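Welcome, and please open your viewer. We will go from stop to stop, and at each one you will hear what to select and what is there.

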Amino acid sequence: MQVALEGRTALVTGSTQGIGAAIAEGLAAAGARVAVNGRDARRTEEAVERLRGQVPDAQLLAAPGDLATDEGSAQVLDRLPDVDILVNNLGIFGSRPALEIEDEEWRRYFEVNVLTAVRLIRAYLPGMIGRGWGRVVNIASDSAVVIPAEMIHYGMTKTALLAVTRGFAKEAAGSGVTVNSVIAGPTHTAGVEEFVYELVDKDLPWEEAQRVFMRQYRPQSLLQRLIEPEEIANMVVYLSSPLASATTGGALRVDGGYVDSILP
Ligand SMILES: NC(=O)c1ccc[n+]([C@@H]2O[C@H](COP(=O)([O-])OP(=O)(O)OC[C@H]3O[C@@H](n4cnc5c(N)ncnc54)[C@H](OP(=O)(O)O)[C@@H]3O)[C@@H](O)[C@H]2O)c1
């Protein structure tokens, strides 16, 4: 199968590092013109430069802006009034005892992880429908389905994203635009690597450290290792392509078998 995204413009939110950066790289390698986003202009520009090194012929642009604010969203929408592919990747996470999460924190998680996605879908979906082609991919998490006791505020936002996905897919019914979410499992990002070494012997080489971590702390994983960001990106690139034209309103798993269910 050949994924050809020449002539398509994509915005990947939160793509200065981690899973977002891998998705931006995958889309750029498939020929899309890709807008990289993060809160800080300099960090975003640096991410674009890094990406240029990884995909020499890439068509890239920096679209900095804090999407959790009206001002930052306006900045991104001014720079990029239309896109063909919207990947709502940005997300914050952190653990907190359930009874200590105050209203303010619940609101912050909802605003950053859910409302940023909804706002961009509202801005870009009408154009996609009007042109008869478009792709929206929302990055959810295994925590949407297996709510972690130590971060129910995070889990709640990811469950909400699954609902948002299904709802907007209905809004786009019959238009040639698809809306899907990806349920990402435990993934090897810089933050997660740090977290692993907080829990296992710091002298272990990475391959062994992650296996010990998975055995002890994520025994439900059938993969028994962390997922590499590129493995999430591969699914997103496929969903963003014309090849995935019959897949919409779905939640697709790249979770290493972490969620113990047959469906979805
Ligand atoms: N890592 C995992 O194991 C895992 C598992 C399942 C799901 N996920 C989901 O995958 C997505 C990416 O996770 P990750 O681990 O790759 O995250 P990460 O390494 O923490 O990166 C987050 C990205 O979001 C950007 N960002 C944060 N707040 C922003 C805002 N308000 N406006 C614009 N950009 C913002 C950051 O850029 P700047 O700092 O430059 O602003 C950064 O590029 C998240 O939705 C997460 O919930 C992750």
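Contact, a word used at several stops, means heavy atoms within 4.5 Å. This is a predicted model, where local features need pLDDT of at least 70 and side-chain atom pairs count only at pLDDT 80 or more, while totals for chains, interfaces and linings use all residues. Residues are numbered from 1 along each chain as its sequence is written, and side-chain values use heavy atoms, with hydrogens and water left out.

**Stop 1: Ala-244**

Select Ala-244, in the loop between α8 and β7 (251–254). Helices (H or I, at least four residues) and strands (E, at least two) are DSSP runs, numbered from the N terminus. Is Ala-244 buried or exposed? Its relative accessible area is 0%, so Ala-244 is buried; the word means under 20%, with exposed over 50% and partly exposed in between (1.4 Å probe, protein chains only). Show its surroundings: not counting residues up to four places away in sequence, Ala-244 touches Arg-135, Thr-178, Tyr-238 and Leu-239. Arg-135 is 109 residues away along the chain, and the two C-alpha atoms are separated by 9.5 Å.

**Stop 2: Ser-141**

Next, pick Ser-141 in strand β5 (residues 134–141). With 5% relative accessibility, Ser-141 counts as buried. A polar atom of the Ser-141 side chain lies 2.9 Å from the backbone nitrogen of Ser-143. Leaving aside neighbours within four places in sequence, Ser-141 is in contact with Tyr-154, Lys-158, Val-182, Ile-183 and Ala-184.

**Stop 3: helices α4 and α5**

Two packed helices are described by the angle between their axes and the distance between the axes. Colour helix α4 (residues 103–131) and helix α5 (residues 152–171), which pack at about 15° with axes 9 Å apart. Axes are lines fitted to C-alpha atoms, for helices over the stretch in contact, and angles run from 0 to 180 degrees between N-to-C directions. The two helices are therefore roughly parallel to each other; angles under 35 degrees count as such, over 145 as roughly antiparallel, 65 to 115 as roughly perpendicular and the rest as oblique. Among the residues that meet here are Trp-106, Tyr-109 and Phe-110 from α4, and His-153, Tyr-154 and Met-156 from α5. The residues of this contact divide into 16 nonpolar, three polar and two charged. Ala, Val, Leu, Ile, Met, Phe, Trp, Tyr, Cys and Pro count as nonpolar, Asp, Glu, Lys and Arg as charged, and the others, Gly among them, as polar.

Now zoom in on His-153, in helix α5. At 1% relative accessibility, His-153 counts as buried. Which residues does His-153 touch, not counting those up to four places away in sequence? They are Gly-94, Arg-96, Ile-101, Glu-105, Trp-106 and Tyr-109.

**Stop 4: helices α3 and α4**

Asp-70, Ser-73, Val-76 and Leu-77 of α3 make the contact with Arg-119, Leu-120, Ala-123 and Tyr-124 of α4.

**Stop 5: Glu-46 and Gln-224**

Select Glu-46 in helix α2 (residues 41–54). Glu-46 counts as partly exposed, at 37% relative accessibility. Finish at Gln-224, in the loop between α7 (206–217) and α8 (229–239). Gln-224 has a positive phi of about 60° although it is not a glycine, and with a relative accessible area of 48% Gln-224 is partly exposed.

Notes: Polar contact = N/O pair within 3.5 Å; in protein donor to acceptor, adjacent residues only side chain to side chain.
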